[in-house]
Each structure stands twice: as C-alpha cells, then as structure tokens.
Amino acid sequence: MDIKEKALQLSKELGGKIEMRSKISIENREDLAVAYTPGVAAVSSAIAANKEEVYTYTSKRNLVAVVTDGSAVLGLGNIGPEAAIPVMEGKSALFKRFAGVDSVPISLNTQDVEEIISHVKAIAPSFGGINLEDISAPRCFEIERRLKEELDIPVFHDDQHGTAIVVLAAVYNALKLTEKSIEDVKVVVNGAGAAGVAIANKLHLAGAENIVVVDQKGILSADDPELEERHKQLAEWTNPDRLKGNLQHAVKDADLFIGVSAPNVLKKEWIKTMAAKPIIFAMANPEPEISPADAKAGGAFIVGTGRSDYPNQINNVLAFPGIFRGALDARAKAITDEMQIAAAKGIAKVVDESMLNPEHIIPDVFNPKVAEIVAESVKQAVHKAE
C-alpha cells in the first residue's frame, strides 16, 4: 500500500484521527456530583464573578479552534467544508503530538467573509486561540485582520505565517553558510498568494530590503497600471529597482529564490544567472518549482523543499505547535510580528552551528527541542513587550 491508500484505510478503520477524552474518572455518584451538578455550579459561579478565571478552571487555557471554510485545502483547492475535515483533524493531531495543545476541527459551511468572522467570534469564548486554515486569498487577509482586531485571544493564519516563519528560519541559517546579510541579499518570491505575501512581509520585517515578488503575470511593480488591487500595497515596498519581465528576468543576480507557486517553473539554466552561492527554496507540493537534482545541476548551493523525502524540508509543523504553546502559556492576546520573528530565530537556533551545512539548515520535525525552544522564544517576546 502507498501512503494515500494507508491514509484511506486508517481513517476508515478509526473513523477519523482524533477523539475527546475526559481528564477525570466518573465511577460513582460522588464523582458525578463533582464533575457535573451540583459541584460544577461552584466553578461556574467563580467564573461569573471573574471572567479571567475561565483560564484557571476550564480547558480554554489549552484549547485552539482549527477553523476552515474548505476553500483552499492543500493543493486540492475549493473542495468544501466536509472534505476539509480530514486535514483539520490532521492539524489537531499535530498540535497534540508536538506541543500538547488540544484543538477542535471546525469546518464552516460558508465562504462569506462577514459570516466567517461572525461565526468565529461567536465560538471564541470556548477557545484560547484560533488557528485559521485553508482559507483562500485574498479573503483570508481580511478575515485574519478583522478577527485579530475584534478578539482578545491569539488568531493565526498558518498558511500565511507558519510557512513564512519556517522560511525565515531557513534563511537565517542559509545566510550564515553563504556569509551574506539579510539586508544585502536580493530575494525573489515566486507566488503572490497568502504564503508568498506573508513570506515577503516577514523577510522585510527581518531586514530584507530588496524583495521581488512574481506572480503568473510577471514581476509585481508599483508603476504597473494593470496591477491587481490586492497587490498594489505589496508592490509599493517591493521591487525597489522597478524590474519588469517574468521569473527568468527576476532571478538574474538574485541570492535567494523562494517558490510557493507551481511545479517546474524554475529552469536550471536560470540559476546559473543568479548571484554566487544561490539559495533555492522550491516549496510547491507535491512537485517543487525545480527538482533538487536540477537545482544542484544549475549551481544551487543550498536547496530546500516542502517535501520530507529531500533534505531541508520547510514544514509548518516546525512553527505552529510551539507558537501556540508559547502564546497560550503566556496568556497572549495576539500573535505579533515580534513573536513570529522570535519563533523563526528559535527554530534556526535548534540547528547547532557545528551541525550546520548545506544539507542541514533546518531541524527535523521530530526533533524534540523544536516546540520547546519555539514556545520559550514566543513567551520571551510576549514578556519583553509587556
């Protein structure tokens, strides 16, 4: 059986990947009275007297909602809320496995921005955080922005920020090996969807000054009269040299290529036109923008992908469990840019400099230090901001 057949069989046999379990034993009348009525009234009364006590007396302190509308599920597209449930269950399993965070998959039967915002706000009292997942761009930007403004618990769109955080961690370590600074490198981001925009933003916040973003129509430039409305703000601070053309033109003299786009769009001949020791992060799944073999043949110094069967897997699992662990433990009201950059530095730090090499710039997802170090980095960022 291949992986897909195993996934089908396992999900069928188990009826999904997650279940709810009680933390307490209910074996007699006294247990029942403590767990439910009349004992539970004392707990409810304590929370009614001080709403913050909900974090002391309930599962809210360790519970995250994993919310989707089924509009951008993996590489499958707009397949609907029911078909998205297995992915949300998988996400919940990862939260628990890597950081001990409990979570509930929630698939909403609407793709209306206002309805999604309203539904998430309505369920928020039960949760210590909201993880938005597989919601298509550009709606995802508005949904996250509004929820962050209107809720007092952390809201995090993992497809944007999780990817960007791990990419930034990989960039930090790759630049150590190439002996270049983030302020001086030319970065090309191929793909201007949720992940591409977030990656560009995160790199800019971390100090990158020369970022060129490319979409299906070519290089984004602020002086392009035909630029889509959703890309205008991004174009204002990217592409400082106002380059024109396609991906081939963009990568000339670039130090770093980051792909969150489509298979086989980067040619090995183009890598030869990049700066010395070019770095290639080709993260389209399941087929990357260029195969690692072709990238190496083109002269790439470091190659990363989103796949587990190649070195340097850039995987969101390195970020979101530890980020929520740290945010929940610190009782953060939001997941800020400072917390995200701290998380990226934490991930990068897991790879000891003595172990750092072109085939190992990012830790393995099963490294037990990752979530712990990321959580601690996030907590320190929270306390620093207080």
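**Stop one: a strand residue and its neighbours**

Start by selecting Thr 68, then show its contacts: Ala 84, Met 88, Ile 106, Ser 107, Leu 108, Glu 133, Asp 134 and Ile 135, with residues up to four places away in sequence not counted. Contact here means heavy atoms within 4.5 Å. What you have open is a predicted model, where local features need pLDDT of at least 70, side-chain atom pairs count only at pLDDT 80 or more, and totals for chains, interfaces and linings use all residues. Numbering runs from 1 along each chain as its sequence is written, and side-chain values use heavy atoms, with hydrogens and water left out.

Thr 68 sits in strand E1, residues 63-68. Helices (H or I, at least four residues) and strands (E, at least two) are DSSP runs, numbered from the N terminus. Is Thr 68 buried or exposed? Its relative accessible area is 1%, so Thr 68 is buried. The cut-offs are under 20% relative accessible area for buried, over 50% for exposed, and partly exposed in between (1.4 Å probe, protein chains only).

**Stop two: the sheet**

Now colour the strands. Two strands pair if DSSP finds at least two bridges between them.

Zoom in on E3 (residues 129-132) beside E4: they pair in the parallel sense over 3 bridges. To pick out a bridge, select Leu 132, whose partner in E4 is His 157.

**Stop three: H8 against H9**

Select H8 (residues 158-178) and H9 (residues 194-205). How do their axes cross? They come within 8 Å and cross at roughly 45 degrees, so H8 and H9 are oblique to each other. By the cut-offs used, angles under 35 degrees are roughly parallel, over 145 roughly antiparallel, 65 to 115 roughly perpendicular, and the rest oblique. H8 passes H9 in a right-handed crossing; right-handed means the near helix is turned clockwise from the far one by less than a right angle, left-handed anticlockwise.

Show side chains at the contact: Asp 159, Gln 160, His 161, Thr 163, Ala 164, Val 167, Leu 168 and Val 171 in H8 meet Ala 194, Ala 195, Ala 198, Ile 199, Lys 202 and Leu 203 in H9. These divide into 9 nonpolar, 3 polar and 2 charged residues. Ala, Val, Leu, Ile, Met, Phe, Trp, Tyr, Cys and Pro count as nonpolar, Asp, Glu, Lys and Arg as charged, and the others, Gly among them, as polar.

While you're there, click Gln 160 in H8. With a relative accessible area of 5%, Gln 160 is buried. Its contacts, leaving out residues up to four places away in sequence, are Cys 140, Phe 141, Glu 144, Ala 194, Ala 195 and Ala 198.

**Stop four: H14 and its helix partners**

H5 and H14 pack at about 65 degrees with their axes 9 Å apart, which makes H5 roughly perpendicular to H14. Their crossing is right-handed. Lys 91, Leu 94, Phe 95, Phe 98 and Ala 99 in H5 meet Phe 320, Pro 321, Gly 322, Phe 324 and Arg 325 in H14. By class, that contact has 7 nonpolar, 1 polar and 2 charged residues.

**Last stop: an exposed residue**

Finish with Glu 236 in H10 (residues 229-237). At 59% relative accessibility, Glu 236 counts as exposed. Beyond its neighbours within four places in sequence, Glu 236 is in contact with Ala 222 and Arg 242.

Key:
Axes fitted to C-alpha atoms, helices over the stretch in contact; angles between N-to-C directions.
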